Amino acid sequence: LVPSCLEAFANGVQEFKTTKTFRGYPPQQGYRFLRDAIAEHEYENIISADEIFIGAGAKNGAADLLDLFSPGSVVGIQNPSYPVYVGASSLAGMQLQLLPCLEENSFLPKLPKTPLDILYLCSPNNPTGQALQQEDLKAWVDYAKAHGTIILYDGAYEGFITSGAPRSIYDIPGAKEVAIELRSFSKKGGFTNLRCSYLVIPKECSCEKVPLLSLWKKRNDIKFGGVSYPIQKAAAALYSPKGKKELLLQMQEYHAQALYLRKGLLNLGFTIFGGTDAPYVWCKTPKGISSWEFFDQLLEKAGVIAIPGQGFGEAGEGFIRFSTFPSIPILEQALTAIEREVLCAT
C-alpha cells in the first residue's frame, strides 16, 4: 500500500474512537466520496456516481452479478480464463459455452455463431495478459447489441495497460447499453486483503427491457453489507494528488519488474506472451512437458511457484503463468534457479 492509503486507512480507524465520529453500517452502494472520485478520475464523469457500486473484490462482483439472470442462461467464457467465471456459472446453474483463446488467434476469443445471454470478457485477460483492442471490443459490443447479450467486463488489470488498448469498455460507442464493468483496487493499489472493488452499471443497461441498475440495487440491499469506512477512505486516497503520484511510481516499479522477467525468460529460451498490459507472463512449457509436470519441476527443483495453465481451462495446457509482482532481486534469484536446477539438469 502506498503511504497515502496507509495514512487514510489509519485516520479512518481513529474516527471510530468517539461517538461523534463513529461510523455505523456503510451504505450498500458505497460512500459518496469514493464513488465521486471514481466517476471523476476513472471515467471523466461520463459515468455518474449513481452508476457506481463499491464492492468487496472483483471476484465477488464477477460471481454475484449472475444473481440478476435466470438459471439456464447461456454464458460465454474465455478459455483459458480466471476460474471464478466457470465456477460461479456452474453454481448458478448456467449453460457454459467456452471460447478458445489460442496462440494461433493471439489468445483472443472469436465471436460465436450462436447467441449468448451473458458474456464474461476480461481485458487484459488473466492468465494470458492479452488486451482487447478498440476494434475487438467494438465487434463484441456490436454482437451484444445484435443478440441481446449482457457483457460482464472484468477490467481488474486496466492499470497495467501500456499498449494503447482501451482501459474501459465504455470507450466503445453503445457499450453502456449492453455492458457492466468491474474493476479492482487489489492489483494496482495493493488492496489484496482489504477487499475493495467497484462495478459500473449504466442507467441505459437493460436486459429484456429491465434496467439492471435497479435490480442490482435491490440485490445489494438484500445480500450485501457494504465495505467498511476505513477501507473506502484508503481507496479514495489513491485519487488525491499525493496518492496519484505515489501510485504512478509504484506502477512504474511493477512495469520494470515485468520487463525484467520477460527478458530473463526470453534469454533462457522460453516462448512467452503477456507481461506488457498485465502483471503476468504466459510462458510455453518445454516441449513434451505438460503444465502440471512443469509446475512440479519448478517447485521441487527450483523452489519457484507458478500457476499451471490447465488450472485456467483446457486451452491453458502447455503453458504456465508467472507473476511479475516479486521484486527484481527475487526474480533474479528465481531465474537463476530455473536455469541451474531445471534447464541445465534436463
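Guide: Let us begin with Leu 111, which touches Ala 139, Trp 140 and Tyr 143, leaving aside residues up to four places away in sequence. The model is predicted, so local features need pLDDT of at least 70 and side-chain atom pairs count only at pLDDT 80 or more, whereas totals for chains, interfaces and linings use all residues. Residues are numbered from 1 along each chain as its sequence is written, and side-chain values use heavy atoms, with hydrogens and water left out.

Visitor: What makes a pair of residues count as touching?

Guide: Contact means that heavy atoms lie within 4.5 Å.

Visitor: Why is Leu 111 called partly exposed?

Guide: Its relative accessible area is 43%. Buried means under 20%, exposed means over 50%, and partly exposed covers the values in between, computed with a 1.4 Å probe and protein chains only. The value for Leu 111 falls in between, so the residue is partly exposed. Leu 111 lies in the loop between β3 (95-100) and β4 (118-122).

Visitor: How are such helices and strands assigned?

Guide: They are DSSP runs, numbered from the N terminus: helices are H or I with at least four residues, and strands are E with at least two.

Visitor: Why is Ala 179 called buried?

Guide: Ala 179 has a relative accessible area of 0%, which is under the limit for a buried residue. Ala 179 belongs to strand β6 (residues 179-184) and touches Ile 151, Ile 169, Tyr 170, Val 200, Pro 202 and Cys 205, not counting residues up to four places away in sequence. Although Ala 179 and Cys 205 are 26 residues apart along the chain, 6.7 Å separates their C-alpha atoms.

Visitor: How do you know that α1 is roughly antiparallel to α7?

Guide: The axes of helix α1 (residues 3-14) and helix α7 (residues 229-237) cross at roughly 150° and come within 7 Å. That angle makes α1 roughly antiparallel to α7. Angles under 35 degrees count as roughly parallel, over 145 as roughly antiparallel, 65 to 115 as roughly perpendicular, and the rest as oblique. The axes are lines fitted to C-alpha atoms, for helices over the stretch in contact, and angles run from 0 to 180 degrees between N-to-C directions.

Visitor: Which residues of α1 and α7 make the contact?

Guide: From α1 come Ser 4, Cys 5, Ala 8, Phe 9, Gly 12 and Val 13, and from α7 come Tyr 229, Pro 230, Ile 231, Lys 233, Ala 234 and Ala 237. By class, nine are nonpolar, two polar and one charged. Ala, Val, Leu, Ile, Met, Phe, Trp, Tyr, Cys and Pro count as nonpolar, Asp, Glu, Lys and Arg as charged, and the others, Gly among them, as polar.

Visitor: What makes α7 mostly covered?

Guide: Eight of its nine residues are buried. What covers them includes α1, α2 (32-43), β1 (52-55) and α8.

Visitor: How do you know that the length of α8 agrees with its number of residues?

Guide: The expected span is 1.5 Å times one less than the number of residues. The 27 residues of α8 (residues 241-267) should therefore span 39 Å, and the end C-alpha atoms are 39 Å apart, which agrees.

Visitor: Which peptide bonds are cis?

Guide: Among them are the bond from Asn 79 to Pro 80, with omega near 10°, and the bond joining Ser 123 and Pro 124, with omega about -5°. Pro 80 is placed in the loop between β2 (74-79) and α4 (83-91), and Pro 124 in the loop between β4 and α5 (134-147).
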